[in-house]
Amino acid sequence: MKKAVIFTLALTLALTGCSSGLTIFSNYRHLEMIELVRTVTVDSSEDGVTVGIYGTAGEEQEARMYEKSGPSIGVAMNELTLRPLGREAILSHTENMLIGEDLAKTRLDEVLDYVERFSEMRLDTGLLIVRDGTARDLVFGLAGEETPASDVVAGLDRNIARLGRGYVFSCREIAASLAQNGCALVQCVRGEEEEKLFEKRGDLNLAPAGMAVMRPDSTVGFLSDEETLGAMLILGKLRSCNLDVPVDDAVLTLSVDNVKSDIKPVFSKDGKLQRAEIKLSLEANLVSMDGLVDVRTRDVRERAEKALSDKVKSACDAAVRRGPALGFDFLDLGGILTRREPIAMEDMGVSWKEVFPSLPVEVEVESVLMRTYDIIDPPEISGREEGTPWEKLTDSLRDS
Amino acid sequence: MMRGRSAAPAEPEISPDATVSVAALEEVYKDCYDFESRDLHIGGDVRRKARLCFIDGLVSGSDVAEQVIKPLTDPERFGAVTDMKSVIAMLLGGSVYVYTAKSRTKLGELAEDLLNGFCALIFDAERTAVTFEVKSQQRRSVEAPKEEKVVKGAKDAFVETMKVNTTLVRRKLRNTHLKIRQYKLGSRADTAAALIYIEGFTNEGIVAEAERRLSGIRTEGALTSAVIEENIVDNPHSPFPQVISTERSDKFCMNILEGRVGILVDGLPLGFLAPGTFSQFMKVPEDHSGHFIVASALTLLRYFSVALTLLAPAFYVAVAMYHQEMIPTRLMQSMIEAKQQVPFPTAAEVIMMLLAFELLQEAGIRLPSPIGETVSIIGALIVGQSAVEASVVSPVVVVVIALAGIAGYTMPNQDMGSALRLCRFFLVLAAIGFGMFGVALGCAVLLYHLSSLESFGVPYMTPFAGGEGQHLSRALLRHSMTDKKDREPELKTGDGGEAKL
């Protein structure tokens with residue numbers, strides 16, 4: 001029995017593939033011969049596509065970019081990974097993929113197809129569309145003596161949500177949205193020439209440029225910054241961002257945290273879909289203040305909360321209006337409402353495509369200013385006893 | 001030609017002529033310079049002689065002189081006794097001050113007694129000799145254990161003398177049901193061994209099995225622990241220890257109280273405990289000295305160490321050679337950077353470092369203590385650092401091998417540590433050949449082997465496999481002393497597995 005088990009296991013291993021040199025398993029790579037790719041660019045070219053890989057052979061090594069053209073991404077990538085410079089490029093650590101606007105307009109499906117089919121690529125690779133230029137030029141412009149372009153792109157990936165300027169969707173999310181909804185949101189970026197913060201960085205700065213509503217083989221349209229903010233808030237992608245709101249003569253920068261989005265359908269008595277309701281609740285904390293207002297007073301706090309709610313509502317309304325205008329439900333409201341009320345949505349007798357263009361969508365925003373970080377404006381603590389020494393102190397400070 | 005079974009030769013008896021008996025003994029101990037014999041005059045009367053025989057060194061000279069010769073030659077005591085039969089009766093009745101006296105009629109018994117630290121008195125015209133136990137007290141005193149460090153607990157370790165060891169056990173387990181059965185091991189060395197258990201509590205099946213295996217040991221002499229271990233374990237070909245060996249008397253007694261049988265062997269400063277299960281090798285007596293939460297955390301740490309020492313090098317080899325996508329980007333960059341100047345492939349690096357680690361360890365053990373420590377320091381610090389600086393090995397490999405090595409040292413039982421080290425090599429080789437598939441296959445084979453082991457009828461991997469699953473927490477954690485104490489159900493103790501508090 002033992003021999004049979006061992007023989008079966010050994011046979012299973014032998015059938016996994018052919019050998020590679022001294023090793024039995026064929027996936028062997030020499031560690032020192034690896035070119036670690038972190039960013040991939042794809043642009044359209046005369047040959048078809050130009051693929052660029054931007055990688056490094058080590059932490060201290062200078063980042064390099066190699067590019068090849070071919071009729072398809074696969075062919076161009078094969079040329080690149082045939083060790084043209086004595087190294088083997090591996091794509092498993094690719095963090096972001098930048099594609100030029102021209103290519104995205106017609107061949108987004110091909111890019112996604114390659115990522116999904118090529119086992120080395122990860123599906124959670126972020127996808128960005130480069131506007132007003134090619135991805136290759138952007139990466140070249142971003143790369144500086146001490147700042148690899150990959151780090152700049154990865155930095156944007158991490159911080160864009162914090163800034164409230166968008167969200168880098170992964171290839172998996174985009175592909176899933178295209179499959180389920182027929183369209184998908186893709187983050188756009190562009191290179192901007194700005195004053196260099198230090199000498200050894202690249203000539204260009206990477207800036208968010210809204211979002212694109214994409215179909216597999218065409219671009220539906222682009223969202224402005226405000227529409228992008230609204231869309232991300234509704235979709236719950238921005239759980240935390242900083243927003244400026246005017247209050248009296250000052251501008252308060254509020255850190256918006258704990259954003260909750262609740263989307264539900266409202267039906268008439270005869271089962272018809274009357275409207276969709278989007279309710280957003282968010283909590284905010286004061287980060288900084290340009291100007292002077294007494295944020296400790298209740299009426300100023302309420303005005304700040306209202307200003308924040310108005311700003312968020314405006315952004316959400318803009319995003320909601322943009323869908324019917326483009327003719328695509330890029331927020332996937334249909335899917336969300338169906339998941340919320342599957343039976344009622346099924347029974348309403350009309351398809352979502354018919355309802356969507358004229359469906360009223362009401363957005364309601366509730367904001368709460370939690371903390372001003374003022375020493376005499378302590379946070380509300382439930383169950384606190386009246387007249388504690390701390391309260392007396394803060395009351396006296398307030399009175400003075 | 002048919003060959004009939006020859007009858008066993010009759011054992012020679014003591015001759016009524018003392019000279020003949022002494023000559024026979026001298027023949028037995030021919031060419032033994034430490035065999036001594038001399039005449040004694042009973043009660044100071046030159047007409048009544050007795051021959052005193054002993055092996056110098058095995059007996060205490062002062063005890064022989066004070067407790068045997070002095071009273072025997074005392075005229076007041078033996079002067080009036082004329083016949084030898086009365087002398088023998090008086091000697092056996094306590095007229096000399098020795099607590100053990102035996103009457104012997106066979107020469108073979110007499111010769112054996114001499115080897116056991118007795119002196120013998122042979123009388124003229126009598127077929128009976130008398131032997132007295134006057135063992136030399138030259139033996140190592142009880143000291144703190146050297147191999148198993150005691151942090152908080154009893155510091156009396158076993159010594160080479162079995163009787164001292166049984167005394168240590170008796171002092172800790174004052175129970176009339178504690179039984180100590182003696183056995184003789186070895187056709188030539190005739191080593192004494194003792195089987196220790198608590199009657200009515202220790203599972204009778206385990207006791208019977210231990211008896212059977214001890215009696216069945218075929219050896220010339222039980223002078224090393226491997227003779228005992230390899231002869232009594234279920235699978236002597238497995239590198240994993242299947243009986244617990246300890247030099248700590250407190251650990252030995254705790255396990256006897258758990259329902260295990262103990263074996264002590266004269267000449268070995270160790271006690272053996274059976275059955276030995278994998279979970280028992282992860283425990284130390286200090287677990288019962290410290291707080292139960294801390295002890296539980298440390299036990300879990302030891303299990304983690306098993307995984308680390310076994311898998312870290314193999315996992316590194318598999319990931320670095322085949323599955324680079326599993327390494328985080330920053331770490332991968334550092335690894336590639338460090339590997340640029342190293343001329344050897346990853347597999348060679350790891351094998352080299354593992355061998356170097358074993359060499360250093362072996363050198364450290366074999367050399368005398370101060371030099372051994374110096375070698376370890378030179379090896380670990382200077383050679384390791386120089387190897388990295390000279391780009392012979394990459395720093396990550398040094399870190400991985402060192403981590404695996406240190407994790408191996410956390411094993412309470414060094415036999416288990418050695419077995420894990422051996423398996424580590426096989427897993428690395430499997431990883432070199434097949435990557436993660438190889439590591440998974442190696443782990444599967446290892447688990448298969450461990451799960452198929454048994455120790456005295458108890459599954460080795462109990463309670464993880466083959467045992468009762470609900471007792472898993474007892475293996476992984478140390479419960480509070482105030483909680484109800486359940487014993488290992490597989491030991492099937494006489495109290496039904498529930499401690500009598």
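Figure 1. A:Val251 has A:Asp290 as its bridge partner in β12(A). The whole model is predicted, so to speak of local features we need pLDDT of at least 70, and side-chain atom pairs count only at pLDDT 80 or more, while totals for chains, interfaces and linings use all residues. Residues are numbered from 1 along each chain as its sequence is written, and chains are lettered from A, with ligands numbered from 1, in the order in which they are written. Strands here are DSSP runs of E with at least two residues, helices are runs of H or I with at least four, and both are numbered from the N terminus. Two strands pair if DSSP finds at least two bridges between them. The strands β11(A) and β12 (residues 273–290) of chain A run antiparallel and are joined by 15 bridges. They form a hairpin with five residues between them, and A:Gly271 in that turn has a positive phi of about 90 degrees.

**Figure 2. The hairpin of β10 and β11 in chain A.** Here strand β10 (residues 240–247) runs antiparallel to strand β11 (residues 250–267), with eight bridges joining the two in chain A. Look for A:Asn242, which stands opposite A:Ser255 in β11(A). Two residues lie between β10(A) and β11(A) in this hairpin, and A:Asp248 in the turn shows a positive phi of about 55 degrees.

Figure 3. Four strands of chain A make up an open sheet with mixed pairing, in the order β10-β11-β12-β13. At the edges are β10 and β13 (361–371) of chain A, each pairing on one side only. On average, neighbouring strands of this sheet are turned by 35 degrees against each other, direction ignored. The parallel pairing is that of β12(A) with β13(A), over ten bridges; in β13(A), A:Val361 is the bridge partner of A:Ala276. Helix α8 (residues 298–326) of chain A packs on the sheet and touches β10, β11, β12 and β13 of chain A, its direction making about 145 degrees with that of β13(A). Axes are lines fitted to C-alpha atoms, for helices over the stretch in contact, and angles run from 0 to 180 degrees between N-to-C directions. A contact means that two C-beta atoms, placed from the backbone, lie within 7 Å.

Figure 4. An automatic or database domain assignment supplies the bounds, dividing chain B into domain 1 (18–133), domain 2 (162–276) and domain 3 (288–459). The C-alpha centres of domains 2 and 3 of chain B lie 33 Å apart. Their contact takes 18 residues from domain 2 of chain B and 13 residues from domain 3 of chain B. On the domain 2 side, the elements giving two or more residues are α7 (204–215) and β8 (244–246) of chain B. The largest share of that side, four residues, comes from α7(B).

Figure 5. B:Ile55 is buried because 21 other C-beta atoms lie within 10 Å; the cut-off for buried is 20 or more, for exposed 12 or fewer, with partly exposed in between. Not counting residues up to four places away in sequence, B:Ile55 touches B:Asp34, B:Phe35, B:Leu114 and B:Leu115. B:Ala120 is 65 residues from B:Ile55 in sequence, with 9.8 Å between their C-alpha atoms.
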